[in-house]
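Here are my notes on the model you sent. Please read them with the sequence and the coordinates open.

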Amino acid sequence: MPDRLFVLLQYLLPKQALTALAGSFAGATAGRWTHAAIRRFVARYGVNMDEAADSRIESYASFNDFFTRPLREGARPIASAAWVCPVDGAVSQFGRIERDRILQAKGHHYTTRALVGGDAELAARFDDGHFATLYLSPKDYHRIHMPGAGRLRRMIHVPGALFSVNPATASGVPGLFARNERVVCEFDTAFGPFVLTLVGATIVGSMATTWHGVVNPPRPGKVREWRYDDAGPALRQGEEMGRFLLGSTVVMLFPRGAIRFPTDWAPGHAVRMGEAMG
């Protein structure tokens with residue numbers, strides 16, 4: 001399908017209804033029907049089940065269980081680096097935040113303030129800092145890990161649209177990552193404040209964090225915020241912090257001077273959780 005037509009369909013499709021339907025399917029335990037759907041998905045997207053802690057499709061009661069499958073021990077060693085990649089996926093964009101503007105794709109930018117749900121004080125901490133946007137395709141491992149050690153300060157659930165987040169949509173929908181539903185997680189680290197944002201998408205049934213569980217649904221249509229201050233959990237580098245129940249993207253914000261990205265990074269470059277990121 002041509003990219004332009006695909007983007008147009010994103011505006012026309014009933015994305016909320018499709019997402020609710022997909023969430024119901026993904027959580028269903030339908031025995032052989034569930035296992036048949038998983039087999040078809042594995043074949044269609046080339047999922048490497050040899051990396052899974054349990055490679056037997058019959059061991060997964062629901063599609064969600066399969067989609068958020070853990071990896072076998074040692075499948076993703078943690079590099080000796082200040083920052084490591086939090087997910088398997090591909091680089092969408094990365095680089096310098098121009099005052100408060102983040103590059104989404106050629107011709108499209110959005111602001112840090114829009115991304116974090118309108119909090120000007122939080123956004124200002126990343127003026128002239130750096131960002132990285134990583135896209136997770138259907139075949140990827142969908143748990144999210146800490147790129148560096150940090151203490152959780154706040155979590156913000158921002159309501160929004162549910163456009164697809166694949167490269168075609170990123171190039172065609174203005175302000176995509178600050179437009180879609182998202183969960184913004186603010187941490188304190190040895191390098192200063194750090195934000196890791198889980199961005200929702202079409203048929204992403206929900207997003208979850210290890211300290212809270214499933215964040216959405218519910219979807220009340222207003223910004224929700226949880227403040228942890230000094231009582232927030234301290235998470236180690238490489239420790240799991242969340243997961244997507246079906247597809248999506250993470251956007252990270254770093255303060256000025258906190259990171260230097262790998263020299264071989266470019267849009268489309270494949271990444272794996274645990275490898276050096278800066």
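1. Basis. This is a predicted model, in which local features need pLDDT of at least 70, side-chain atom pairs count only at pLDDT 80 or more, and totals for chains, interfaces and linings use all residues. Residues are numbered from 1 along each chain as its sequence is written, and side-chain values use heavy atoms, with hydrogens and water left out.

2. Overall make-up. The protein chain has 7 helices and 15 strands; helices (H or I, at least four residues) and strands (E, at least two) are DSSP runs, numbered from the N terminus. Of the 278 residues in the protein chain, 52% are buried. Here buried means under 20% relative accessible area, exposed means over 50%, and partly exposed lies in between (1.4 Å probe, protein chains only). The protein chain exposes about 12400 Å², and carbon and sulfur atoms supply 53% of that area. Accessible areas come from the Shrake-Rupley method with a 1.4 Å probe; for residues, only the protein chains shown count as cover.

3. Contacts along the chain. Contact means heavy atoms within 4.5 Å. Among contacts between residues at least 6 apart in sequence, 77% join residues at least 24 apart.

4. Nonpolar cores. A nonpolar core is a set of buried Ala, Val, Leu, Ile, Met, Phe, Trp, Tyr and Cys residues joined through side-chain atoms within 4.5 Å. The largest has 33 residues, and those with the most contacts inside it are Leu134, Cys185, Phe187, Leu198, Trp211, Met241 and Phe254. Two or more residues of this core come from each of strand E4 (130–136), strand E6 (150–158), strand E7 (182–189), strand E8 (192–199), E13 and strand E14 (248–254). Another core, of 25 residues, lies apart from it and includes Phe126, Phe131, Ala170 and Phe177.

5. Leu198 is in strand E8 and counts as buried because its relative accessibility is 0%. The C-alpha atoms of Leu198 and Thr209, 11 residues apart along the chain, are separated by 9.7 Å. Phe254 touches residues including Trp83, Phe126, Phe131, Phe194, Phe261 and Met277, not counting residues up to four places away in sequence.

6. Glu240. Is Glu240 buried or exposed? Glu240 is buried, because its relative accessible area is 17%. Glu240 lies in strand E13 (residues 240–245). Its side chain makes a polar contact of 3.1 Å with the side chain of Arg143 and another, at 2.8 Å, with the side chain of Arg243. A polar contact is a pair of N or O atoms within 3.5 Å; within protein, one must be able to donate a hydrogen and the other to accept it, and residues adjacent in sequence count only if both atoms are side-chain atoms. Beyond neighbours within four places in sequence, Glu240 is in contact with Arg143, Ile144, His145 and Thr210.

7. Strand E1 (89–96) and strand E15 (270–271) are the elements that give two or more residues to the lining.

8. Asp127 and Arg99. Asp127 is in the loop between helix H6 (120–124) and E4, and counts as partly exposed because its relative accessible area is 28%. Not counting residues up to four places away in sequence, Asp127 touches Arg99, Asp100 and Arg256. Arg99 is in the loop between E1 and strand E2 (101–105). Although it is not a glycine, Arg99 has a positive phi of about 60°. Arg99 is exposed, with a relative accessible area of 53%.

9. Asp229. This residue also deserves a check of its backbone: Asp229 is not a glycine, yet has a positive phi of about 50°. Asp229 is found in the loop between strand E11 (224–227) and strand E12 (234–235).

10. Ala79. Ala79 is in the loop between helix H4 (63–67) and E1, and is partly exposed at 24% relative accessibility. Ala79 and Glu275 are 196 residues apart in sequence and 5.3 Å apart in space, C-alpha to C-alpha. Besides Glu275, the residues that Ala79 touches include Val84, Gln237, Gly274 and Ala276, not counting residues up to four places away in sequence.
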